[in-house]
Amino acid sequence: KNKLIGIYGASGFGREVLPLVREKSNEKIEIKFIDDGCLDKELNEVEVVSYEKFLANPIADKSAVVAIADSNIRKKLLERLERDGISIPSITAANNVVLDFNELGEGSILCPFTTITSNAVIGKGFQANIYSYVAHDCVLGDYVTFAPGVKCNGNVHIDDHAYIGTGAIIKQGTPDKPLVIGEGAVVGMGAVVTKSVKPGDVVFGVPAKSIKRASK
Ligand code: UDP
């Protein structure tokens, strides 16, 4: 084998990402889970190693993806990989549909049945879980997380570290007035977001309202 691919995070999401890495690999590629806390030696027939052991592996051509939903951990670990000169690919499921003129940052993971339509600009470390989509002219910052089934319509801007829960629907903005979801905001599952969301806010419901400011 002449290439080593690590999947950082030997837990739930890591086990979902493993087959996506496997479907793009061949007999020359070795796959390992990397984990700082997992005590299992093996997960779904793949060896779990510490980061130190991954770095010490004699295969020189190393790359790794971070398959962890927490965006702050993702940032920390992607920066660690970068610092150590490990290349960071983006992983795209075979049945993902990316249409036209999109930009996607490194270290992103596009799960099965996801779509990015056209002219979207997406930062690094984006995670699009199953059945989610990003429509035309959206601008996403770094380390944005989409849980399963997020529907993000056109001309929406989502800033760094925002988390969008399962099945949330985000109304389209316009080129002059995009709908903006601020940095670190959380959109609860099933929410229908019709207005911009402030940085760090938590919104929930139909139409989505702040549950953070309401509780003060
Ligand atoms: N983890 C790690 N290094 C860190 C933080 C977390 O290796 O600095 C691992 C942790 O041990 C766990 C996984 O990442 O195995 C995160 O799993 P969790 O179930 O919390 O997240 P999910 O898979 O749902 O994204």
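A residue is counted as buried if 20 or more other C-beta atoms lie within 10 Å of its own, as exposed if 12 or fewer do, and as partly exposed in between. This cut-off is applied below to two residues of the structure, which is a predicted model.

The domain assignment divides the protein into domain 1, residues 3–89, and domain 2, residues 92–207. Taken over C-alpha atoms, the centres of domain 1 and domain 2 are 25 Å apart. Contact between the domains involves 13 residues of domain 1 and 13 residues of domain 2. On the side of domain 1 that touches domain 2, at least two residues each are supplied by α1 (12–23), β5 (62–66) and α3 (71–83). By class, the residues on this side of domain 1 comprise 8 nonpolar, 4 charged and 1 polar.

A ligand is present in the model, with 13 residues around it, of which S11, F13, D36, G37 and A69 come nearest. Helix α1 contributes 3 residues to the shell around the ligand, the largest share. The shell consists of 6 nonpolar, 5 polar and 2 charged residues.

Strands of a sheet pair through backbone hydrogen bonds, in either a parallel or an antiparallel sense. In the model, strand β1 (residues 3–8) is paired with strand β2 (residues 29–34) in the parallel sense, over 6 bridges. Within this pair, G6 has K32 of β2 as its bridge partner. The chain passes from β1 through α1 to β2, forming a β-α-β crossover that is right-handed. Strand β2 is also joined to strand β4 (residues 46–49), by 2 bridges, and these two strands run parallel. Here F33 is placed opposite V48 of β4.

Strand β14 (residues 139–140) is joined to β17 by 2 bridges, and the two run parallel. In this pairing V139 stands opposite H157 of β17.

Two residues other than glycine have a positive phi, and both are placed in loops. For F113, phi is about 65°. F113 belongs to the loop between β9 (109–110) and β10 (115–118). F113 is partly exposed, because 17 other C-beta atoms lie within 10 Å, a count between the limits of 12 and 20. For H161, phi is near 65°. H161 is located in the loop between β17 (156–158) and β18 (163–164). H161 is buried, because 23 other C-beta atoms lie within 10 Å and the cut-off is 20 or more.

P207 lies in the loop between β23 (202–204) and β24 (209–210). In the domain assignment, residue 207 is also the end of domain 2.

Key. Residues are numbered from 1 along each chain as its sequence is written. This is a predicted model: local features need pLDDT of at least 70, side-chain atom pairs count only at pLDDT 80 or more; totals for chains, interfaces and linings use all residues. Domain bounds come from an automatic or database domain assignment. Two residues are in contact if their C-beta atoms, placed from the backbone, lie within 7 Å. Helices (H or I, at least four residues) and strands (E, at least two) are DSSP runs, numbered from the N terminus. Ala, Val, Leu, Ile, Met, Phe, Trp, Tyr, Cys and Pro count as nonpolar, Asp, Glu, Lys and Arg as charged, and the others, Gly among them, as polar. A residue is near a molecule or strand if its C-beta atom, placed from the backbone, lies within 6 Å of it. Two strands pair if DSSP finds at least two bridges between them. A crossover is right-handed if, with the strands pointing away from the viewer, the path from the first strand over the helix to the second runs clockwise.
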